[in-house]
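Welcome! Have a look at the structure, then try each task before reading on.

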Amino acid sequence: MLSNEAILGLSNARQQIIILPTEKCNFRCVYCYEDFSVGKMSEETLISIEKMISRRAEQVQYLNIGWFGGEPLLQARIVERISNHAQEAMRNTSGRFDGSITTNGYLLTRGLATRLCKAGVTKYQITLDGSKESHDKTRVLKGGGPSFDVIWKNLTELKDSNLNFSI
């Protein structure tokens, strides 16, 4: 007789976790659904996530953490801390870790991208809403200013870097 796991196609070989380190955002996009109420993940939650990752690392061969928000890079230190922890936990079990992030790209400088890549966060989903003109109408900063030029500058600098990542 097949187990429930076999019937459902479940396996302990892979684990994906999606984490929102904050609901806050530096943009006020016209179509956004967030209420921006949760500012920063608590230390208690951080420790609990690290413990869960350590336990799961002993059981899985591949771990992916996807970062989402709000704008997760507003809490880049949390992204780095948990990603570094996951990378080390998987290294200790001969497993593999990779991280991905959905970001507006405004804060993704070469320096931050370097630290994130070192922590195993190497897959980026960065959103642009069309041309500069249309993007700046819908993707405005919290204070009301445009955002396209800064995002484009960050993308251009990343393209010209020697970092190993994908966008």
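This is a predicted model.

**Exercise 1.** Describe how helix 2 and helix 3 pack together.

*Solution.* Two packed helices are described by the angle between their axes and the distance between the axes. Helix 2 covers residues 43–57 and helix 3 covers residues 76–92; their angle is about 20 degrees and their axes are 9 Å apart. Angles under 35 degrees count as roughly parallel, so helix 2 and helix 3 are roughly parallel to each other. The crossing of helix 2 past helix 3 is right-handed. Helix 2 contributes residues including Glu43, Leu46 and Glu50 to the contact, while helix 3 contributes, among others, Arg81, His85 and Met90. Sorted by class, this contact has 10 nonpolar, 2 polar and 3 charged residues.

**Exercise 2.** How many disulfides does the whole structure have?

*Solution.* A search of the whole structure gives 0 disulfides. Take cysteine 32: the nearest cysteine sulfur belongs to cysteine 29 and lies 6.1 Å away. A disulfide needs the sulfur atoms within 2.5 Å, and cysteine 32 is in none. As for accessibility, cysteine 32 has 34% and so counts as partly exposed, whereas cysteine 117, at 16%, counts as buried.

Terms used. Residues numbered from 1 in each chain as written. Predicted model: local features only at pLDDT ≥ 70, side-chain atom pairs only at ≥ 80, totals over all residues. Heavy atoms only, no water. Axes fitted to C-alpha atoms, helices over the stretch in contact; angles between N-to-C directions. Helix = DSSP H or I, 4+ residues; strand = E, 2+ residues; numbered from the N terminus. Parallel < 35°, antiparallel > 145°, perpendicular 65-115°, else oblique. Left-handed = near helix turned anticlockwise from the far one by under 90°. Contact = heavy atoms within 4.5 Å. Nonpolar A, V, L, I, M, F, W, Y, C, P; charged D, E, K, R; others polar. Buried < 20%, exposed > 50% of the residue type's maximum accessible area, 1.4 Å probe, protein only.
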